[in-house]
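Visitor: I am new to this structure. Please show me how to read it.

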Amino acid sequence: MTAEFVIQLLAQGTQMFMVLLVAPLAVGVVRRVKALLMRRQGAPLLQGYRDLSKLLHKESVVADSASWLFRAAPSLIFALTWVAAALVPSFASGLMFNWAADVVALVALLGAARALLALAGMDVGTSFGGLGSSREMMIATLAEPAMMLIVLTLALAAGTTRLAGVADFFIAEPLAVRVSLALSLIALIIVALAENARIPVDNPTTHLELTMVHEAMILEYSGRHLALIEAASYLKLVLYLSLLICLFAPFGMAPATAGLGGWAIGLVAWVAKLLFGAALLGVWEVSIAKMRVFRLPNFVGVAFVFGFLAILLAFLSRGVVE
Amino acid sequence: MPDLFVQGAALGALVFAAALAAVVRGPALAIVYPIAAVAAVALGVVDLGVLLQGGVLTARLPIGLPMIGFHLRLDSLSAFFGIVINGGVLATSLYGMGLDRVKDLTPRVEPLFPLFAAAMNLVLLADDAYAFLFSWELMSLASWALVVARHTSIDSRRAGHLYLVMAAIGTMALIFAFGGLAGPSGGYAFDTIRAHAPGPMIAVLVLTAALVGCGSKGGLIPLHAWLPLAHPAAPSHVSALMSGVMTKVAIYGFMRIAFDLLGPPAWWWSLPPIILGVITAVLGLLYAVFDGDLKRVLAYSTVENVGVIFVALGLALAFRANHQDAAAAVAMAAALLHILNHSWFKSLLFLGAGAVLHATGRRDLAGLGGLIHRMPRTAVFFLIGALSISALPPLNGFVSEWLLFQSVLAAPAMPQTTLNFASPAIGAMLALAAALAAACFVRVYGIAFLGRPRSEEAAHAHEVPLIQQVAMGGLALLCILGGLFGAVIVAGLAPVLTALVGSGLPNSGAGPTPFSLIAFNAARSVYDAPVIALFVAIASLTTLAVVHRLSERRTRRGPAWDCGFPDPSPTTQYTASSFAQPLRRVYGAALFSARESVVMPPPGDTRPARFSVTLVDVVWATLYARPGRAVLRLSERLNALQFLSIRRYLVLMFAALVILLSIATVMT
Amino acid sequence: MNEVYDISHLLAGVMLVTSFALLYQERIASVLNAFAAQSITLALAVAWAAWSQDRPDLFITALIALTLKGIIIPVALHRTVTRLGIHREVEKVVGVGIALMVGLALTGLAQALLMKVAHGPLSYASEQLALALAIILLGFLMMIVRRNAVTQVVGFMSMENGLILAATGARGMPLVVEVSVAFSVLIALFVFAVFVFRIRERFDTIDIEALDRMRGDRR
Amino acid sequence: MIHETYQFVVLIPYAAALLLVALPGYRTGAIVNVVASGLTFAAGLWLVGGERTVGHYAIVDEFNIVFIAINTLVGFTTSIFSASYIGHEIETGRLPPNFVRFYHAMFQAMMGSMNVALVANNIGVMWVGLEIATLITVVMVGLYRTPQSIEAAWKYFILASVGISLAFFGTILIYLAGQPALGEGVPAMTWSLLEAAAAKMDPAILDLAFIFLLIGYGTKVGLAPLHAWLPDAHAEGPTPISAVLSGLLLNVALYALLRFKMVIAGQPAALDPGPVMITMGLVSLIFAAFMLYQRRDIKRLFAYSSIEHMGLIVFAFGMGGPLANFAGLLHMAMHSLTKSGIFFAVGHIAQAKGTQRIAEITGLSETHPRLAVAFALAVLAICGMPPFGVFASEFLILTTTFAREPWLALLPAFGLLVAFGALLMRLQGTIFGEPTGAAHPVKASFVPIIMHLLLVLTAGIYLPAALVAWFRRAAELLG
């Protein structure tokens, strides 16, 4: 019992550590792929780690008008994102604390991080901060209903909202590929793009005021605070990639009782899938242009429509099955 | 039975306090708040005892209409609501104790405060239609008087008028509801009603009437219009009571009728509450997001929360009609928990708004800002309230939200296609509401408390007295504890759940930890707030430790960067209106006919450019303004009858006579 | 029995004819004359009832009808009209033709209503009653289709004639005399008011100029 | 001798009227007036406590005793109110002192006549009593001799006279209907006998009679469209008379109507009076509710409110059945007490502000807090707010209507809500806001208004079982 407990605890710790470790790499892959496709040299794959390290070693400048909230927010945001990322089954489905938060709670944890970030953006009292915060919250109102529909489809299929349970279900029934799930996948990808401030919703590399969202909120941050926020955004990317993998490509994932060997295989598979996903993201980002902010409802609306269609089709197929 | 005596004594104390305050003047008026606080504690303790120990207390007083009597009954449902109410009364009384004894007290408010509290408690105790409506209307009347306390303001008077008229409409609807339940023979006692379930036709009418009656008091759109006017018009601690607590009494009324008196439900009863609830939830928040008055935003947010609760109740009805007890329990638990949670954080927020109003003298967001520096404690409490109401974990708002989503996720398991197809829409709209709530409260908090002060008053705000901080702090603490230990609260609600839907949630032993909240079963859905909070705490402490060790620790203060063009004027900050702009563009055009217009003078013209926004409240325009005008126009037309000549009056008389005679000729 | 019935029926019929005559008149003086004729007929009818029903007290009623309504009031009103100098022409709201048509319809209505009364001891009374009802309705009609105060008063008095006719037609009804006296007082008040307030035109314009402006609640 | 108690409620007022004609000086007159009214009230109470009798001349049963009790009580409180009120009117010179002797005598005569109408066991005597009372109020309405009051009195006089005539024709018809069964003479005009013999009467005559009675007495009840005299008479007469008109005279007329309804209900072949009463009640209720919005004179406002409530009461009796009849009786009692209380308050207000124009009455709660509270409570009471008795009666009327005819119940509810909107608007306008204009202190007595409010309050919270049992028996008599 105790040995088992320690092993389980270690596995959970591994996941927490792994997501943190892989995150900058995944971002590096995205950037690298984009650079290569644009025929640029591009930064090295490990540039993410260097960025963080650089930021950590710089002095932090805090605006005069900032309050304690401004300084406390980065570590909280980071912690919330990190915990959320650690709760998504990555290499194994039955990790020790997977049960603590289901997919609804997971989305809410990210929501809490987002709200804190938006508040932090408004703390200094500049026009850019407010601009970023207001747009961020608007995008969230578009993405969350779509996310809810996706969750509903999954819950309908798997009969549970625990991510591990959904993953187990799809591992057990790999052939259950249905149109509804395909639609959900597209919807989830769109939501993930919106949530991670990726093109076409936002451009993480620009500081053009008309189009900024995420960057506008964190404009006043520097030094270690900025490092934490950047790290949090890396983690979020990993989280969503893991989520996509967990839900739609769970093959290779170790079941709860797999033991060390199974976990090792699962870990390799997960990292591989993650990096592949990151590469795909890079390809996507170079092949599409950033949208105007107020065209976003249409774009994210597609996710909503697909999510809704997915459910209706799921009802239909259930009707056929029964 | 002795418990009922305690309740009676506490209610008596409240009435006594009201009577006392009606005769004393000046600082002595402050006496009502300690009395109200003590009475609230006594009432709450009795309620808690009844809730935890189970059992039903009844009494019959020989007052009221003799053929009905005045039946009192304290069962688990009313005990639960009693806790909600008296918690709010306690907090607002504490806040009231911090009011300035010279400036703030007035015989227009203090005598009515305990009366209002007593009336709300009496509604819960009522066990016959007369006692119920009597207390209900007394509650409206007392709160009306509180709304018009600032009687020299035309806004207060308008709000009061609209409020009491809407309350009267609601009461009329409830009179119908109880009339239908009681039947032609007049069995007004709830026991009699329970024994004789009405037929399906009557049940529909009763349900509709109950929805109108309770919806108008609770603020279901389109019956909400009074609420954002009346709640802010009252003194802040009364606003807290009206918004945080009185709306719950409305919900109690609906639950009492729909789940207790009306007998076994049909599945489609659930549709009106769900549809109205969903509309209310989303529209309420959109109203809130577009509004620029702190207290009105909070009032609109109350509208939203009432909508959410009605959705949960509707789902519970549907599940119950389909005999899916576990799912019904989840939906009902969501409703009950949200009722409790909302009473906490909405009271907290209104008290916070009161603190802001007291400190700055303004409640328009355009004049606030930077209060986190001048009112640090209030800012912390308000932040907790804002995050709670945005349904963010690990605070309490999320617990009920989570349960609600779980019940929506279970809706496809019902056999009715309508409900199946509705479930994704419900889920999506609730998610939209949740996201909008976050946006709304980020906006409120960001504009009012963060940033830089936008007015002199805000720049010189001051913290409120300690006792008021205690009131807010207590509520904030409840929000945190309720978030962490929601499972414990839900376990405590088991008697209510069993009484209303036949079963409770799985008990806490079924989950991985004693504090796991479980919907259906542990394999299906679990939310364990303490574990997550622990994780977050560990993660942030680890982060802090690591960052502390690894990083450069120096921090420098300097002017804001702002892309290199910082402007010292606070007017360059984002305002409440500009924050709402993205949402207005996305949602406002269709629902509010939002129009933005820019007047840009040509180069060389020295006039300033002007930007203006117009929003049209379609509900108000069609359902309030138009009928109001119609009544006035019709009354103008009819008024001609006041100025007829005597001969014409004789013509009327003659016509009446001849018509009646003709009818008598035709009829046999 | 039959001649008793015939005679009272005849007199009631004559009264109805005079009611139509009231509506028909174009000049106030002739209206007053027609009214005097109706009142005298009433006095005859009441006297006949008093004799046939063997109720001597009804003779008082007959006497009042004859003296007050048959003679004094018509004469007084004649003088008033002359003295106030109000137009001799009857001011009409609707024309004579229409008024007569409506009157016919009302008479028909009264008949139709009392046709439904079961045959039996009531049937004699009911025919008398139908005539009385018609007279009342015609009097009422007179009040509302004529504008002049004097014609309106006449309309009211004609209504009252119908009432007395009905009351005396009801065999053995107590209090008829008292009531007829009471009505006479009422009528006297009416006429008195016309004198005192110098009502030139119609009921609505008591001769106080302000009244027309400020009737009721108008600003 | 004990069952001749009824004589006192008639004789005391008439004797007092004679005495008052002889007495000079308004102070003595006022005192005698109060004492006489008090004695009448005591006699009324004695009658309530005594046994129910049906005599040759008089009838005292469970039904009319309700009316007698209200009548003598409100008469008593109004006499107290008018003592101080009229004193004030003389001081301000609105009334010449020599009119006051006349006023008090008339007041007693009017009370006596109403009591005659109530206790008489004869439809003719009742008619006479009611008409005398009406004619006296006509004179009282014209008391101020302003052009407005004379016009109001004149309008009242004409419309009431026509109403009198029509009601008399109805009375003749009832006699004719009763004659075959009861024989000629007095028996066919006796309430108690008529009610017993109703089944043998000719239905067609009864139908006809009821129409005339409804129009005739309905004019006095103030049912629309026969109501035209009522608002002006209330507005232009002295306030105590407004209180008596609204609180009592309307009731007495209603009493007559209901008695006849009881007779007609005894003949199943006759047309049911219910639907007609329901229709007229609703028309009055809704019409008056709309009229409230355009009122500029505060007394006229509450006069229309009386029309509205009489409409509701007639509606309730039209619905019939034990519960609705009970509610109708209760509402009638509550309306009498509350409305006369409101008129007392309005009298104070008019004297305090020196005007009856609503627009010129503002901010009373600042200048006259007690008066404002009393007025507000009274208006809220008449709007059917708890804890007052009107709430109880409206509750019963509406619940029972809804239980029987759900769709029909919407109409009275609509009317009441429309009326509530208007009354609340006026209430807020008068008691709230910045005070403007004159603000004289109120010297008149608050005792009557407090008494009325206390009674209405008590009725809302606690109705003695004995009272209810009595009302229920009365309701049963109504069928």
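Guide: Start with confidence. pLDDT is the predictor's confidence in each residue, from 0 to 100. Chain C averages a pLDDT of 81, and 84% of its residues score at least 70. This is a predicted model: local features need pLDDT of at least 70, side-chain atom pairs count only at 80 or more, and totals for chains, interfaces and linings use all residues. Residues are numbered from 1 along each chain as its sequence is written, and chains are lettered from A and ligands numbered from 1 in the order written.

Visitor: How many residues of chain A are in contact with chain B?

Guide: Contact means C-beta atoms, placed from the backbone, within 7 Å. By that rule, 75 residues of chain A touch 73 residues of chain B. H5(A) gives the largest share of chain A's side, 19 residues.

Visitor: How do strands pair across chains?

Guide: Two strands pair if DSSP finds at least two bridges between them. Here four bridges join S1(A) to strand S5 (residues 555-558) of chain B, and the two run parallel. Val62(A) stands opposite Arg557(B) in S5(B).

Technical notes. Two residues are in contact if their C-beta atoms, placed from the backbone, lie within 7 Å.
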